[in-house]
Amino acid sequence: MGLDFAGKTSIITAITKRFGFEEQISKLAPTRRIARDTFKFLGLEFSRLDFGGQRIYRKDYLKHPEKFLSGIDLIFYVIDAQDFDRYIESIDYLEEVLLFFKEYQEDVIVAILFHKFDPQLIDDVEINKRILTLKQALTRYSNHFDIFFFETTIFDIKSVMDAFSSGLSMLFEKMEMVSNLFAEISKNYNAILISLFDSKGITLGEFYRPHLQLIQKLKIYEIYLDLQKRIISESRTLYEFSDKFENGERFSGVIEVLKFGNLEFYLLFIIEEDQKDLEKTVTLLDKIESAKPQMENLILQIIQ
Ligand SMILES: Nc1nc2c(ncn2[C@@H]2O[C@H](COP(=O)(O)OP(=O)(O)OP(=O)(O)O)[C@@H](O)[C@H]2O)c(=O)[nH]1
Ligand SMILES: [Mg+2]
């Protein structure tokens, strides 16, 4: 939900396509009423509702909230972070939506997306200040709701996928286990990153080496997206690779496909390369690969 032009349909398009969505997004028309679709995650089917945000639709939803809002488990509320002039209008709408949930159904999870936070704005003082002020104003809802904030932009697909994955993971308490386990495992491998994705690229859990730079995360994610495509087209279950960051630091990685019935997951493991002793790196990769049954066991516990 969110005002018209906030970027809701763009976000859904980006999440669904993941590649080459730019052209489609540049031509989106305003959503008429509610656009519904479904997607699967961990074998469960979810309904997704894209609430057209034009004023006349908003009025309608708020007039009969029980008809439109009942049964919703998770809201992604999208705010156009660049449009300062409409912050108040956007918060007013959010407030009215939350009022319904406060009265009738308190267990909704609310993810607030400060969207259109485009790469060139990351260090912009003005927008950062404005977003911070909004966050402070919104924390008063945390007495009643689980409320979370994200900065997103379609120019960084990872930011959108992260917000979506985090939102979904809040519906699955056990998913916390994955990230906790990865943090534990990482110590034995000098890991730069360990991530578990479903086939649509939703993150089930991840560990990053502390202080890993954003640009390095994005580099890894890009490689991952590319290799995942290749794994599917070549029907592989394992892919090893080696690459380097802009600062010259080299890393080795392995992607493993884990299958459960018709569900598929992708485990991405990235470790530092030991330049002086490459044999050590190879041994580590072998160790990771031999831990596959353990990983499968863990995922089985989560999806059951
Ligand atoms: N700069 C920038 N523009 C974006 C971003 N995401 C979406 N847009 C643009 O914002 C405009 C509105 O996007 P939509 O996704 O149609 O907005 P909406 O929230 O679905 O609007 P309604 O359907 O009317 O409720 C489009 O021109 C998009 O190209 C972003 O991250 N950054
Ligand atoms: Mg729309």
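In the shell around ligand 1, α1 (8–17) and α2 (22–26) each supply at least two residues. Helices (H or I, at least four residues) and strands (E, at least two) are DSSP runs, numbered from the N terminus. The model is predicted, so local features need pLDDT of at least 70 and side-chain atom pairs count only at pLDDT 80 or more, while totals for chains, interfaces and linings use all residues. Residues are numbered from 1 along each chain as its sequence is written, and chains are lettered from A and ligands numbered from 1 in the order in which they are written.

The largest contribution to the shell comes from α1, with 3 residues. There are 21 residues around ligand 1, of which Gly-7, Ser-10, Pro-30, Thr-31 and Gly-53 come nearest; a residue is near a molecule or strand if its C-beta atom, placed from the backbone, lies within 6 Å of it. By class, the shell holds 6 nonpolar, 11 polar and 4 charged residues. Ala, Val, Leu, Ile, Met, Phe, Trp, Tyr, Cys and Pro count as nonpolar, Asp, Glu, Lys and Arg as charged, and the others, Gly among them, as polar.

Positive phi values were also examined. Most residues other than glycine have a negative phi. Phe-5, in the segment before α1, has a positive phi near 70°. Phe-5 counts as partly exposed because it has 16 C-beta neighbours inside 10 Å (buried means 20 or more other C-beta atoms within 10 Å, exposed 12 or fewer, and partly exposed in between, with C-beta atoms placed from the backbone). Asn-190, in the loop between α8 (176–189) and β6 (191–198), has a positive phi of about 55°. With 14 C-beta neighbours inside 10 Å, Asn-190 is likewise partly exposed.
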